Amino acid sequence: MEKQQTNLPKISRRWVLAGAVAVVAGGFAVREYRLIPPDYAGDKLSAEQAHQAAASGEVTLIDIRTPGEWKSSGVGEGAYPLDLRRADFIDALTAIVGPDRGQPIALICARGVRSARLSLVLSKAGFTNIIDVPEGMLGSRAGPGWLNTGLPVVSYKEPTG
């Protein structure tokens with residue numbers, strides 16, 4: 001039996017490896033791009049400024065992380081824990097801040113990604129004074145974060161009933 005000749009080019013292991021590396025690198029680039037929130041043109045506060053503003057009553061500080069995150073690290077003193085994933089998030093937020101959509105509301109999450117995205121969403125929903133805390137609780141490129149700055153936290157207690 002005679003082997004049939006094909007005109008396909010030989011592919012070396014080196015080219016296969018280079019292709020695999022390119023695919024993996026591209027995947028990481030897409031992942032990182034998706035984690036970078038769109039620019040929020042509104043006001044921003046550092047974690048320390050947010051703490052001071054919440055303590056003085058200048059802003060209502062909303063911690064939009066999840067209950068598991070609150071249990072793990074606590075909630076920033078003066079912040080209201082309000083899970084971003086709630087179907088009735090805007091109604092629950094309105095119950096905290098009142099019906100005036102011009103009230104100053106500062107949003108904090110873990111690293112500033114979710115707060116930036118939600119700031120855009122709430123602005124489009126008619127809230128006119130949304131303030132982002134881009135360094136978040138854990139720190140980001142924007143700063144060291146609430147916990148690393150040593151700002152006070154309170155233990156999260158799940159609601160009963």
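Guide: Contact here means heavy atoms within 4.5 Å. The model is predicted, so local features need pLDDT of at least 70 and side-chain atom pairs count only at pLDDT 80 or more, while totals for chains, interfaces and linings use all residues. Residues are numbered from 1 along each chain as its sequence is written, and side-chain values use heavy atoms, with hydrogens and water left out.

Visitor: Which residues does L84 contact beyond its neighbours within four places in sequence?

Guide: L84 is in contact with I64, R65, F89, R114 and L118. The C-alpha atoms of L84 and R114 are separated by 8.4 Å, although the two residues are 30 apart along the chain. L84 is found in the loop between β4 (79-81) and α4.

Visitor: Why does L84 count as partly exposed?

Guide: Buried means under 20% relative accessible area and exposed over 50%, with partly exposed in between (1.4 Å probe, protein chains only). L84 has 27% relative accessibility, so it falls in the middle class.

Visitor: What makes E58 exposed?

Guide: E58 has 54% relative accessibility, which is over 50% and therefore counts as exposed. E58 is found in the loop between α2 and β2. Leaving aside neighbours within four places in sequence, E58 is in contact with A53 and P104. From E58 to A106 the C-alpha distance is 9.9 Å, across 48 residues of sequence.

Visitor: Why is the pairing of E58 and S56 called a polar contact?

Guide: The term takes a pair of N or O atoms within 3.5 Å; within protein, one must be able to donate a hydrogen and the other to accept it, and residues adjacent in sequence count only if both atoms are side-chain atoms. The side chains of E58 and S56 are joined at 2.8 Å, so the distance is inside the limit.

Visitor: What makes W146 buried, and what does its side chain reach?

Guide: W146 has 0% relative accessibility, which is under 20%, so it counts as buried. Its side chain reaches the backbone oxygen of P152 at 2.9 Å. W146 belongs to helix α6 (residues 146-149). Not counting residues up to four places away in sequence, W146 touches residues including A47, L61, I108, M137 and V153. W146 and V133 are 13 residues apart along the chain, with 9.6 Å between their C-alpha atoms.

Visitor: Which residues of the largest nonpolar core touch the most other members?

Guide: Among its 18 residues they are V59, L61, A106, I108, V133 and W146. Two or more residues come from each of α2 (47-56) and β5, and α2 gives the most, with four. The label requires buried Ala, Val, Leu, Ile, Met, Phe, Trp, Tyr and Cys residues joined through side-chain atoms within 4.5 Å. Beyond neighbours within four places in sequence, the contacts of V133 include L61, A106 and I108. Another core of 14 residues lies apart from it, with I64, F89, I105 and L122 among its members.

Visitor: Why are the buried residues of α4 said to be on the same side?

Guide: In α4 (residues 89-97), F89, A92, L93 and V97 are buried. They cover an arc of only 125 degrees around the axis, taken from the directions to the C-beta atoms, and so share a side. D91 and A95, on the other side of α4, are exposed. The buried residues pack against β2 (60-63), β5 (105-108) and α5 (113-124). After α4 comes G98, with a positive phi near 95 degrees.

Visitor: Why is the pair of W70 and Y156 called tilted?

Guide: Rings of Phe, Tyr and Trp (its six-membered ring) pair if their centres lie within 6.5 Å; planes under 30 degrees apart count as stacked, over 60 as edge-to-face and the rest as tilted. W70 and Y156 are 4.9 Å apart centre to centre with 50 degrees between the planes, so they pair and are tilted. W70 lies in helix α3 (residues 67-73) and Y156 in the segment after β7 (153-154), so the pair ties together parts 86 residues apart in sequence. W70, at 2% relative accessibility, counts as buried.

Visitor: How many helices and strands does the protein chain have?

Guide: There are six helices and seven strands, taken as DSSP runs numbered from the N terminus (helices H or I, at least four residues; strands E, at least two). Of the 161 residues, 34% count as buried.
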